[in-house]
Amino acid sequence: MPAASILPATAVLEMTGDCNHACIFCSCPWYAEQGICQTEMEISEWKELIEAYAKAGVINFCFTGGEALLKEGLAELIAFAAQVQARYIETVDGELKAWDAPPKLYLLSNGKAVTEEVLELCKTYNVALSLSLPGLETFEEHTRGGKDASHVLSLFRKAKEMGVTTTAGITVTAKNFHELQDTIALALIAGADRVLLNRFMPGGRGLANRELELTLEQVMEMPKLAEEILQKANRDGHIGTELPRCIVNPSDYEKLKVGTRCAAATDFFVVGPSGMLRVCNHSPIDLVQWRDFDTLRNHPYWRLFVHKAWTPKGCEGCSALGQTCDGGCREAAHVANGSPEAVDPVFRGASPIHFFYTSFTSK
Ligand code: SF4
Ligand code: SF4
């Protein structure tokens, strides 16, 4: 889609660094040992940002954190965002069309502070709600602050009754892998409209909990397990953290959408609590202040992600590279192995190109 500016269509807004859970898998960069969460922007500045970015062609705003609901004034900001005019530009029947309309809004929460009033807010302003459900019997162990999964499941039920669209966000770890199918099934039975799976990736607080990393076999198994349940439930799902093409073939899945190309800086970008832009929520690299977004076009780190000008280690010579694959997650590679051109930690020491030849010669 042609763009009204350099900005991708989706902005992920990290409203606050505060959280009422202390999830052991959390990748927020400020929870890493050396991480810092700088001063937070006031709601008045967030309003300026939303207005400016909507004019610049951002048509999706996702409110997250930390825990977005801990940001004082969030309800007021959502009400504001729902009435701004965003610039939509699309090619319709071969012709470039532009029009203005309110942006689409999304709220990502761990559920703890979600009340009936929050669900009413979502209903009133047509906000799609995503609730984190990192396991059932392992919920408390994963969240360190959440009592049990029943509250989140009850919210899916209540949201369904009220007509609020919901997604169950499941971070898949070595500790909850055994209950992945049950977690997906119960979320859907409770009323979640769809599921979003994210494999655990080292980053933030998760850097101190690397025992949560899935084995390569588990990563390969994860989409199969999810597809089986989604087929039975006739619902859709999505894997949010991209996987290397040599370990997953997206066309094997009907209900589960699996990405193999990095979407950072092309499909979405992130604004941190202090107003600094990053390429992805997994990225610890602050680029420029939000008002200076136009200077991103000259920023080498932004350009690296926009142009995907990388040859990840171990992927040299692969014909999928740059076509259907970016060698897995470039920020996981950066955080775990020191560079956006390093090997994705998903390979756990195995050779990507070996996987490529194995997967393509065995078909
Ligand atoms: S070898 Fe690298 S580029 Fe090729 S499919 Fe595997 S991860 Fe992707
Ligand atoms: S950096 Fe990783 S998680 Fe972020 S969009 Fe790229 S592949 Fe996905």
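Two residues are taken to be in contact when heavy atoms of theirs lie within 4.5 Å. The model discussed here is predicted.

**Helix α2 and its packing**

In α2, the buried residues are L74, L77, I78, F80 and A81. These residues lie on the same side of α2, because they cover an arc of only 160 degrees around the axis. Their packing partners are α1 (43-55), β2, β5 (104-109), α3 (116-124) and β6 (127-132).

K71 lies in the loop between β2 (60-64) and α2 (74-81). Is this lysine buried or exposed, given its relative accessible area of 11%? K71 counts as buried because that value is under the 20% limit. Its side chain reaches the backbone oxygen of M41 at 2.7 Å. Beyond residues up to four places away in sequence, K71 touches M15, T16, E40, M41, I43 and W46.

**The segment before β1**

A4 is located in the segment before β1 (10-14). With a relative accessibility of 39%, A4 counts as partly exposed. When neighbours within four places in sequence are left aside, A4 is in contact with K55, A56, G57, R87 and I89. Between A4 and A128 there are 24 Å in space, C-alpha to C-alpha, and the two are 124 residues apart in sequence.

**Accessibility of individual residues**

| Residue | Relative accessibility | Class |
|---|---|---|
| A4 | 39% | partly exposed |
| K71 | 11% | buried |
| C122 | 2% | buried |
| C262 | 11% | buried |

**Cysteines**

How many disulfides does the structure hold? The structure holds zero disulfides. For C122, the closest cysteine sulfur is that of C62, at 13 Å, which is too far for a bond; the cut-off for a disulfide is 2.5 Å between the sulfur atoms. C122 is also buried, with a relative accessible area of 2%.

**Surroundings of ligand 2**

Which residues surround ligand 2? The shell is made up of M201, E242, C262, A263, A264, F268, C280, H282, C329, R330 and E331. By class, this shell around ligand 2 divides into seven nonpolar residues, one polar residue and three charged residues. One of the cysteines in the shell, C262, counts as buried at 11% relative accessibility.

Note on methods. Residues numbered from 1 in each chain as written. Chains lettered and ligands numbered in written order. Predicted model: local features only at pLDDT ≥ 70, side-chain atom pairs only at ≥ 80, totals over all residues. Heavy atoms only, no water. Near = heavy atom within 4 Å. Nonpolar A, V, L, I, M, F, W, Y, C, P; charged D, E, K, R; others polar. Helix = DSSP H or I, 4+ residues; strand = E, 2+ residues; numbered from the N terminus. Buried < 20%, exposed > 50% of the residue type's maximum accessible area, 1.4 Å probe, protein only. Polar contact = N/O pair within 3.5 Å; in protein donor to acceptor, adjacent residues only side chain to side chain. Arc of directions from axis to C-beta.
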